[in-house]
Amino acid sequence: MYSICKKELHQFFSNLTGYIAITLFLLVNGLFLFVLKDSNIFDFGYATLDKFFELAPWILLFLVPAITMRTLAEEFKTGTFEILQTRPLTKWQIVLGKYFSILIVLIFVIVPTFIYILTIKNLSAIGGIDSGGIAGSYIGLFFLAAVFASIGVGCSSFTNNAVVSFLLSSFSCLVLYFGFNALSKLPVFIGNADYYIEMLGIDFHYRSISRGVLDSRDVIYFLSIIFLFLLITVKNLRKR
């Protein structure tokens, strides 16, 4: 598993792909936080990173599928998956090795945004920020990225076309993130099952953790979704 993870990381950072992903994430968030009108913190008037944590999930909706789209699709297309199967590795070890490499990449994507905390703290008139809320939001953001990564890996196991994998995983992430929230607002569900339908969506649990309270129900939800899509990936590999 370690060798798979190491190989994937080397492949990702041996070209500009990894550095472009990190740069784009920082650039887009930086533009919205500090430059663009009506979304920057100077117009907002409060020393908070709420705008960042509202925007980041939508960027990750497309960034994570772009990172994961070649994970297995490229192996199928080039025929290297057959070579990979000859190694003394179980399907779970192959999947987890690839998945953990993506998580490490996403950590490299998220960690540089810690500079926003220092910036906000220095801009604060009283020199203080809501550390608990920010810590909770970062935990939620990591879980969100981890869920998107598992969805991306799962979608990549269905096809040998990287573009199809990207589109499929982007759509799946969008539906699971926002679809249940939108569905709960339909008139037929309001006042009846709207709360329970909303609970099925990723957005509900992401917002819950972002309040600064680490609820075990939210953690179990994220871990369950991750396990489900990794299990789907393993089953797809066994069929091959």
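User: How do α12 and α13 lie, oblique or roughly parallel to each other?
Analyst: This is a predicted model, so everything here is computed from it. The axes of α12 (residues 202-210) and α13 (residues 216-239) cross at roughly 140 degrees. Angles over 145 degrees would count as roughly antiparallel, and α12 and α13 are therefore oblique to each other.

User: Within what distance do those two axes come?
Analyst: The axes of α12 and α13 come within 10 Å.

User: And is the crossing of α12 and α13 left-handed or right-handed?
Analyst: That crossing is left-handed.

User: Which residues meet there?
Analyst: From α12, Ile202, His205, Tyr206, Ser208 and Ile209 take part. On the α13 side they meet Arg217, Asp218, Tyr221 and Phe222. By class, the contact of α12 with α13 has five nonpolar, two polar and two charged residues.

User: Now the other pair. How do α9 and α10 cross?
Analyst: Helix α9 (residues 131-156) and α10 have axes that come within 9 Å, with a crossing angle of roughly 140 degrees. α9 and α10 are therefore oblique to each other, and the crossing is right-handed.

User: What makes up the contact?
Analyst: α9 contributes Leu144, Phe148, Ile151, Gly152, Cys155 and Ser156. α10 contributes Ser165, Leu168, Ser169, Ser172, Cys173, Leu176 and Tyr177.

User: What does Ser172 touch?
Analyst: Leaving aside neighbours within four places in sequence, Ser172 is in contact with Ile151 and Cys155. Both of these are among the α9 residues of the contact with α10.

User: Which backbone oxygen lies 2.8 Å from a polar atom of the Ser172 side chain?
Analyst: The backbone oxygen of Leu168.

User: Different topic. Where is Leu84, and is it buried or exposed?
Analyst: Leu84 is in helix α6 (residues 80-85). Leu84 counts as buried, at 6% relative accessibility.

User: Which residues does Leu84 touch?
Analyst: Not counting residues up to four places away in sequence, Leu84 touches Ile4, Glu75, Ile94 and Lys98.

User: And what separates Leu84 from Leu49?
Analyst: Along the chain, Leu84 and Leu49 are 35 residues apart. Their C-alpha atoms are separated by 43 Å.

How values were computed
Residues are numbered from 1 along each chain as its sequence is written. This is a predicted model: local features need pLDDT of at least 70, side-chain atom pairs count only at pLDDT 80 or more; totals for chains, interfaces and linings use all residues. Side-chain values use heavy atoms; hydrogens and water are left out. Axes are lines fitted to C-alpha atoms, for helices over the stretch in contact, and angles run from 0 to 180 degrees between N-to-C directions. Helices (H or I, at least four residues) and strands (E, at least two) are DSSP runs, numbered from the N terminus. Angles under 35 degrees count as roughly parallel, over 145 as roughly antiparallel, 65 to 115 as roughly perpendicular and the rest as oblique. A crossing is left-handed if the near helix is turned anticlockwise from the far one by less than a right angle, and right-handed if clockwise. Contact means heavy atoms within 4.5 Å. Ala, Val, Leu, Ile, Met, Phe, Trp, Tyr, Cys and Pro count as nonpolar, Asp, Glu, Lys and Arg as charged, and the others, Gly among them, as polar. Buried means under 20% relative accessible area, exposed over 50%, partly exposed in between (1.4 Å probe, protein chains only). A polar contact is a pair of N or O atoms within 3.5 Å; within protein, one must be able to donate a hydrogen and the other to accept it, and residues adjacent in sequence count only if both atoms are side-chain atoms.
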